[in-house]
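Thanks for coming, everyone. Please bring up the sequence and the model on your screens, and I'll walk you through a few places in it.

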Amino acid sequence: MQEARIVDGHSELGASVVFSNIEQIKYEGPDTDYQLAYRYYNKDQEVLGKRMEDHLRMAVCYWHTFCWDGADIFGGGTFNRPWHNPQNDRAASDAKMAAAFEFFHKLDVPYYCFHDVDVTETSDTPDELSENFKCSAERLGGYQEETGLKLLWGTANLFSHPRYAAGGLTNPDPEVAACAIRQIRDCLEATHQLGGANYVLWGGREGYDTLLNTDLNRELENFGRFLSMVVEHKNKIGFKGKILIEPKPHEPMYHQYDFDTATIYGFLQRFDLLGEVHVNIEPNHATLSGHSFAHEIATAVSLGMMGSIDINCGNYQNGWDTDQFNLDIRDITLAMLELLPSGGLDTGGFNFDAKVRRQSSDAVDLFYGHIGGIDALARALLAAADLVERGQLDDFKSDRYAGWNEGLGKTMLGPKSSLESIADDAAKKQLNGTHSSGHQEYLENLVNRSLR
Ligand code: XUL
Ligand code: CO
């Protein structure tokens with residue numbers, strides 16, 4: 001391995017050079033044997049008239065990669081990162097930030113994402129959190145300026161502190177909801193100040209464990225009212241990014257209100273927020289709600305709600321949110337096929353909401369995890385672009401639905417049609433519709449041919 005290349009000026013902010021024996025990751029092509037290189041992600045390569053980097057707009061998340069120490073519910077941390085200490089004091093938070101920006105730079109991705117508490121030392125009171133987070137945002141701004149890294153989105157953590165056990169915006173206690181709102185206000189303003197492209201709300205504890213202690217209607221009404229205030233504030237401060245809700249059906253709660261994209265659509269319609277709020281789709285959350293990743297993307301695109309993506313995957317056996325790096329190129333290709341024809345991502349990106357396994361305890365494993373995930377995205381993009389360019393899938397769908405563009409189909413949908421007129425016409429013409437093959441296997445083979 002070659003010597004590290006440190007970004008100019010990093011030393012001014014006290015960079016730790018934690019990954020000092022790792023060079024910036026470069027594209028070396030599919031045949032390289034070097035594991036710290038990209039085989040498919042070639043950021044300047046044009047795909048369907050756009051650079052790969054601009055299609056994917058990839059981000060690294062702060063929480064899994066820099067905050068998590070490998071602890072799970074059965075055992076403590078296994079990672080022993082140099083930037084962790086048990087107090088998570090200012091020094092640890094600074095060291096973490098230096099390491100994070102060194103990592104972002106060395107991966108050569110354009111964006112990162114954070115929760116307020118990820119980038120801030122442990123704070124005992126809401127006042128302390130507010131003050132400390134302001135300082136953290138200043139320091140993040142300094143790193144962004146130095147490295148050219150950009151913020152894909154920020155979010156307030158309204159699920160870790162014990163006060164949020166029964167929710168943030170949907171908490172039965174107004175005092176707790178007020179604390180949540182204060183955190184959102186601070187984080188939205190910091191995200192704006194840092195030039196963030198979006199602001200995310202993941203309602204991890206906006207839901208319930210039992211209806212026996214829950215006034216579902218009151219909680220949803222409050223949620224709608226407070227979400228409207230978020231939108232109002234966004235407009236007031238001139239934040240141009242999108243407000244995104246991240247669907248997830250359960251975990252940590254038994255039931256979460258932001259169950260899936262279609263549920264969120266109904267909620268936004270109820271509170272007159274359609275067009276103001278979009279979704280941040282996560283494959284592992286999609287599968288938890290009984291959908292595929294592609295289904296959630298197709299639904300968001302069709303409802304005009306597409307925002308951003310937290311790319312990862314679950315584990316098909318155990319049914320919880322394992323947040324693994326998604327290496328399933330076929331699964332991602334199917335989702336890309338829904339996304340690309342709509343023009344792709346606008347303010348959104350692909351954020352790696354994924355973590356290395358608890359046994360992958362070396363810092364270099366963070367590189368292997370992300371490199372694998374990045375190359376999988378690049379391969380899926382190439383495969384989906386190939387399918388779009390060949391046009392067979394599109395032609396097949398167009399032919400399948402062609403009957404609605406003229407003749408009978410067009411008349412049936414026309415302004416003069418009624419249930420009665422269509423039924424009478426069917427009887428008069430002795431219509432006797434027959435089935436035509438959906439050719440699923442033929443289409444699946446087309447997809448597989450493009451996976452290379
Ligand atoms: C939790 C999850 C979160 C959100 C941000 O399942 O996905 O990391 O992305 O709060
Ligand atoms: Co997520």
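Let's begin with Leu413, which is exposed, with a relative accessible area of 62%. By that word I mean over 50% relative accessible area, while buried means under 20% and partly exposed is in between, using a 1.4 Å probe and protein chains only. Leu413 belongs to helix 13, residues 407-413. Helices here are DSSP runs of H or I with at least four residues, strands are runs of E with at least two, and both are numbered from the N terminus. Together with Tyr401 and Trp404, Leu413 makes a nonpolar surface patch of about 370 Å². A patch takes residues with over 30% relative accessible area and no salt bridge; nonpolar side chains (Val, Leu, Ile, Met, Phe, Trp, Tyr) are joined within 5 Å, and like charges within 9 Å. The areas come from the Shrake-Rupley method with a 1.4 Å probe, and for residues only the protein chains shown count as cover.

A quick word on where this comes from. This is a predicted model, where local features need pLDDT of at least 70 and side-chain atom pairs count only at pLDDT 80 or more, while totals for chains, interfaces and linings use all residues. Residues are numbered from 1 along each chain as its sequence is written, chains are lettered from A and ligands numbered from 1 in the order in which they are written, and side-chain values use heavy atoms, leaving out hydrogens and water.

Now, which residues surround ligand 1? They are Trp63, His115, Trp153, Phe159, Trp202, Glu246, Lys248, Glu282, His285, Asp310, Asp321 and Asp353, where being near means having a heavy atom within 4 Å. Sorted by class, that shell has six charged, four nonpolar and two polar residues. Charged means Asp, Glu, Lys and Arg; nonpolar means Ala, Val, Leu, Ile, Met, Phe, Trp, Tyr, Cys and Pro; the others, Gly among them, are polar.

Next, find Thr170, in the loop between strand 5 (150-155) and helix 5 (174-193). Is Thr170 buried or exposed? Buried, at a relative accessible area of 1%. Its side chain makes a polar contact of 2.6 Å with that of Glu206. Such a contact is a pair of N or O atoms within 3.5 Å; within protein, one must be able to donate a hydrogen and the other to accept it, and residues adjacent in sequence count only if both atoms are side-chain atoms.

Last stop, salt bridges: a side-chain nitrogen of Lys or Arg within 4 Å of a carboxyl oxygen of Asp or Glu. The whole structure has 16 of them. Lys106 pairs with Glu102, with the closest N and O atoms 3.2 Å apart. The two are four residues apart in helix 3 (residues 90-107), so about one helical turn separates them. Lys106 is buried at 0% relative accessibility, and Glu102 is buried at 3%.

Arg270 and Glu221 also form a salt bridge, 3.0 Å from N to O. Arg270 is in helix 7 (residues 261-270) and Glu221 in helix 6 (residues 216-237), so this pair ties together parts 49 residues apart in sequence.
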